[in-house]
Amino acid sequence: MINLPSTKTINIHHFAHEAMATVFEVIINLDDKNYAEQAAHNVFNEIDKLENKFSRFRSNTEIAKINNSKNGEEIKLSFETFECIWIAKQIYEMTNGFFDITTGNVIDKWKNKLLANKINDLNISDFGNNYFILDELNFTIKILNENLSFDLGGIGKGYAVDYGIKLLNEWDIENAIIHGGGSSVKAIGRFGNEKGWKISLSNPKNNHQTIAEINMQNFSIGSSGKQKNNHIINPKTLLPNIERVATWVITESATIADAISTAFMLMPIDEISELCEKNNFISGLIILCDSLKLKKEDIFISDNFFADKFFI
């Protein structure tokens, strides 16, 4: 898990809001509290608008319309929904199909199941990038297989965090951090007189064991874990992840960090290492097994992963 900095400082203003089935927090370092509050509320209002486009659990959202469309039907999308799906499509290719937003119905079938027995009524070949077409000129999507069920749960919070930071920049706020549920984090500027925003990564099985400390400044960290039963599905098998414990990904974009951290829960370590080598702006740290006291051999760290201090 990611531990955020304490905010008990006079010019550090903290705001929270529930959206996308989690709590978003905006922390702003600024003298003018009223101005900071107005900016934070603007961020939360826009995140609510994103949820009204991205949620597959509400009837009138753009994702719900996609999931209810017929083969060959074109659906007009907002820029934000189109962009989020477009990024997800690129990451599908980058991760060799391990990040796939089209398996929402598989997640539903496995949700809250404690035993990973194989589901026989779905076919692996029914999902993936080959079954939808994005039209970049008209911002439309065409579905080619009605078995697809879009779910932006592995990328939507990161997109919202990026969107929020973009808004704070428009408000000329230079020092702030935004996170969604502690799993998608992006920081700009610095915390007080520090050189950035100091966060720590800790063992999800033992919060008292700190793995690393990182000063965040103008980049993002995304994390995934198996705390929620069966919410990460392997598109190669349509089975839930039951082995890998947690992942952290560092890169500039919170959207990409969110999605890649989900893929790293499933990808073989050699493929993760190769991805980070080819894309040096992406780095990862993966906990390979459950343990109350992690050792070095329990963790994989890509060569380009940076931290101010490691404790293992």
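Two strands pair if DSSP finds at least two bridges between them. Strands here (E, at least two residues) and helices (H or I, at least four) are DSSP runs, numbered from the N terminus.

Before I go on, this is a predicted model, in which local features need pLDDT of at least 70, side-chain atom pairs count only at pLDDT 80 or more, and totals for chains, interfaces and linings use all residues. Residues are numbered from 1 along each chain as its sequence is written, and side-chain values use heavy atoms, with hydrogens and water left out.

I start with the sheet. Strand E14, residues 246–251, and strand E15, residues 283–287, pair in the antiparallel sense over five bridges. Val249 has Gly284 in E15 as its bridge partner. Both strands belong to an open sheet of eight, in the order E2-E3-E7-E8-E11-E14-E15-E16, with antiparallel pairing. The edges are strand E2 (12–19) and strand E16 (299–301); each has a single partner strand, so one side of each is left without a neighbour in the sheet. On average, neighbouring strands of this sheet are turned by 10° against each other, direction ignored. Axes are lines fitted to C-alpha atoms, for helices over the stretch in contact, and angles run from 0 to 180 degrees between N-to-C directions.

Helix H1, residues 33–54, lies across E2, strand E3 (22–29) and strand E7 (176–180), and runs at about 20° to E2.

Next, a helix pair. The axes of helix H3 (residues 79–94) and helix H6 (residues 254–264) come within 10 Å and cross at roughly 45°. That makes H3 oblique to H6, oblique being what remains once angles under 35 degrees are called roughly parallel, over 145 roughly antiparallel and 65 to 115 roughly perpendicular. From H3, Ile87, Ile91 and Met94 meet Thr255, Ile256, Ala259 and Ile260 of H6, where contact means heavy atoms within 4.5 Å.

Last, the loop between strand E6 (140–143) and helix H5 (156–170), which holds Ser149. Is Ser149 buried or exposed? Ser149 is buried, with a relative accessible area of 11%; buried means under 20%, exposed over 50% and partly exposed in between, with a 1.4 Å probe and protein chains only. Beyond four places in sequence, Ser149 touches Arg56, Asn67, Ile101, Thr102, Thr103, Gly104 and Asn105.

Leu152 lies in the loop between E6 and H5 too, and counts as buried at 6% relative accessibility. With neighbours up to four places away set aside, Leu152 is in contact with Phe54, Ile63, Cys84, Ile85 and Ile101.
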